[in-house]
Amino acid sequence: MSTGMVECMRRLQSLDAEQRKEGVPTVDRLCAVSPETGRFLALLAATVPSGALLEIGTSGGYSTLWLALAARVRGQCVQSFERSAAKLSIARDTFARSGVTDIIDVTEGDVRNFLPDSRTVAFCFIDHEKSQYIECYEMLMPNLVAGGIIAADNIHSHEEALAPFVDHVIADSRVDAVVIPIGKGVLLARKI
Ligand SMILES: C[S@@+](CC[C@H](N)C(=O)[O-])C[C@H]1O[C@@H](n2cnc3c(N)ncnc32)[C@H](O)[C@@H]1O
């Protein structure tokens, strides 16, 4: 990991903590994953079969930086979707300072306007509007390769809101799925 990347990760973490302390409304906060979740995602994304690496919910780019580590190892890009122009401006600055603009492709707008596309997907981290998790999971599923993984955050922190999503995935015979007690709770679904 480069010094620039480490510094950017620290900067985003302290901005996130500051926003939380100041009571900034959730919709405007960075709401980044925990460092252990980031590391876990990077490890996982490095091991999936060939295909696109995607992320839904860039925010300031903290989790994207972790995914960029996996993208670098695999010799490809990570594509991340974000609808907030203000957050994307922080993310773009983060990526430039971290020296990873060559391996991160950000798309601005509602992700549902871009999914599904025709690409084969190997990994997707879902970390956006909780009411849209099932819809996006179903949009991704036809293009997810066998052995590909969908990881979704906030399973424990938003337990009630995400209970229908968890039930939906656990009952899905196309995948093996489990909830991992790491960070805010991460659901993993691996396509059979
Ligand atoms: C929890 S934050 C993402 C945090 C980020 N993954 C990280 O760990 O640094 C969720 C983000 O999803 C974005 N978002 C919510 N719904 C979206 C949608 N339909 N399309 C694109 N972005 C969306 C929000 O603007 C917000 O920035």
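Trainee: Which residues of helix α2 are called buried, and what makes a residue buried?

Mentor: In this predicted model, the buried residues of α2 (residues 35-45) are T37, G38, L41, A42 and A45. Buried means that 20 or more other C-beta atoms lie within 10 Å of the residue's own, exposed means 12 or fewer, and partly exposed is in between, with C-beta atoms placed from the backbone. Helices are DSSP runs of H or I with at least four residues, and strands are runs of E with at least two, numbered from the N terminus. Residues are numbered from 1 along each chain as its sequence is written. Local features need pLDDT of at least 70, side-chain atom pairs count only at pLDDT 80 or more, and totals for chains, interfaces and linings use all residues.

Trainee: Why is F123 called buried?

Mentor: F123 has 27 other C-beta atoms within 10 Å, and the cut-off is 20 or more, so F123 is buried. F123 is in strand β4 (residues 121-126).

Trainee: What does F123 touch, and what makes a contact?

Mentor: Contact means C-beta atoms, placed from the backbone, within 7 Å. Not counting residues up to four places away in sequence, F123 touches A45, V48, L53, L54, G148 and I149. Strand β4 is also among the elements covering the buried residues of α2.

Note on methods:
Contact = placed C-beta atoms within 7 Å.
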